[in-house]
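Welcome! Have a look at the model below, and then we will walk through some of its side chains together.

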Amino acid sequence: MSQVRAFLAIDVDDDLKPKINKIIKQFKQIDTRIKYVELANLHLTLKFFGDIDTNGLEVLEKAIANVLADFHPFKISIKGCGAFPNSNHIKVIWVGIDDDAIIKDMHDRLDKEFTRLGFDKDRKFSTHLTIGRMKSAKNKNKVKETIEEFEDVEIGEMEVDRIILKKSTLTPQGPIYEDLTIFEL
C-alpha cells in the first residue's frame with residue numbers, strides 16, 4: 001500500500017514574494033533560531049491530510065472538485081504579521097490574509113466533506129501564510145518587536161483562481177512540494 005503526505009493549498013503569487021522576503025530579512029537580522037519557509041514553498045494551507053493511501057486520492061480529488069465547483073476566482077489581500085499561539089509564546093511567525101470570508105467558507109465546506117471521508121475535523125482554522133517557525137526563545141523580545149513593526153504591513157493583493165492538492169516529501173534540507181492535482185476555479 002503506497003502512501004503520500006498531502007495537503008491542500010493556495011500558492012502565493014510570485015510578485016508578492018519579494019515583499020514577504022523583505023519581512024523575512026528583518027527577522028534574519030535577529031540572533032535567534034528561526035526555521036524559515038522557502039519563498040518557493042509559500043502557501044496558505046486549506047487542509048493538511050498527513051499520510052494518505054494513494055488508492056484514496058481519486059475519492060479525495062472528486063470531493064474537492066465537487067465543493068470547488070461552487071467557487072469562482074476571487075481576490076485576497078495579504079496584510080499584517082503575527083505569531084501563533086501568541087506574541088508572548090512564539091512558535092510560528094505568519095503574514096495574514098485580510099477579508100478572508102470566502103476562504104473560510106471554502107475551508108468549512110471542504111472540511112465537512114473531508115470529515116465525511118474519515119479525516120479529522122480542523123479544530124481552529126486561521127487563514128495565514130507561515131513564514132517561519134521559532135526554534136528557541138533566544139532574543140524573543142526582538143522577534144516580538146519585529147512582529148509588532150510589521151503588524152499592519154500591506155503586502156498586496158492577489159487573485160485566487162486555483163487550489164492545489166500537493167505532495168510533501170520531507171528531507172533534511174526541508175520539505176519538497178509537488179503539485180498532484182490543480183483545481184481551477
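Over the ring of which residue does the charged end of K28 sit? The ring belongs to Y36, and the charged end of K28 is 5.3 Å from its centre. A charge sits over a ring here if NZ of Lys or CZ of Arg is within 6 Å of the ring centre and within 35 degrees of the ring normal.

A word on what you are looking at: this is a predicted model, in which local features need pLDDT of at least 70 and side-chain atom pairs count only at pLDDT 80 or more, while totals for chains, interfaces and linings use all residues. Residues are numbered from 1 along each chain as its sequence is written, and side-chain values use heavy atoms, with hydrogens and water left out.

**Pairs of opposite charge**

Side chains of opposite charge can pair when their charged atoms come close. Such a pair is called a salt bridge when a side-chain nitrogen of Lys or Arg is within 4 Å of a carboxyl oxygen of Asp or Glu. Searching the whole structure gives 15 salt bridges. Here are three of them:

| Salt bridge | N to O distance |
|---|---|
| K47 and D111 | 2.9 Å |
| K79 and E154 | 3.6 Å |
| D111 and K121 | 4.0 Å |

Take the bridge between K47 and D111. K47 belongs to strand β3 (residues 43-53) and D111 to helix α3 (residues 101-116), so this pair ties together parts that are 64 residues apart in sequence. Helices (H or I, at least four residues) and strands (E, at least two) are DSSP runs, numbered from the N terminus. Are these two partners buried or exposed? K47 is buried, with a relative accessible area of 3%, and D111 is buried as well, at 1%. The word buried means under 20% relative accessible area, exposed means over 50%, and partly exposed is in between (1.4 Å probe, protein chains only).

D111 also meets K121 in a salt bridge. D111 sits in helix α3 and K121 in the loop between α3 and β6 (128-134), ten residues apart. K121 counts as exposed, at 57% relative accessibility. Through shared partners, salt bridges join K47, D111, K121 and D122 into one network.

K79 is in strand β4 (residues 74-86) and E154 in strand β7 (residues 154-160), so the pair ties together parts 75 residues apart in sequence. K79 is partly exposed at 28%, whereas E154 is exposed at 52%.

**Rings that meet**

How many aromatic pairs are there? The count comes to five, using the rule that rings of Phe, Tyr and Trp (its six-membered ring) pair if their centres lie within 6.5 Å; planes under 30 degrees apart count as stacked, over 60 as edge-to-face and the rest as tilted. In one of these pairs, the rings of F49 and F114 have centres 4.9 Å apart and planes at 80°, so the pair is edge-to-face. F49 in strand β3 and F114 in helix α3 are 65 residues apart, and both are buried. F49 and F114 form one aromatic cluster with F119.

**A closer look at helix α3**

D111 and F114 are among the buried residues of α3, together with I103, M106, H107 and L110. Seen down the helix axis, the buried residues of α3 fall within an arc of 130°, so they line one face of the helix. That arc is taken from the directions from the helix axis to the C-beta atoms. The face turned away from the buried side of α3 carries the exposed residues A101, K112 and R116. What covers the buried residues of α3 includes β1 (3-11), β3, α2 (57-68), β4, β5 (89-98) and β8 (162-169). After α3 comes G118, whose phi is positive, near 110°.

Most residues other than glycine have a negative phi, and most peptide bonds are trans. With that in mind, where is a cis peptide bond found? A cis peptide bond joins F84 and P85, with omega about -10°, and P85 lies in strand β4.

D99 has a positive phi, near 50°, in a residue other than glycine. D99 lies in the loop between β5 and α3 and is exposed, at 65% relative accessibility. N139, too, has a positive phi, near 55°. N139 is in the loop between β6 and α4 (140-149) and is partly exposed, at 28%.

Methods. Contact = heavy atoms within 4.5 Å.
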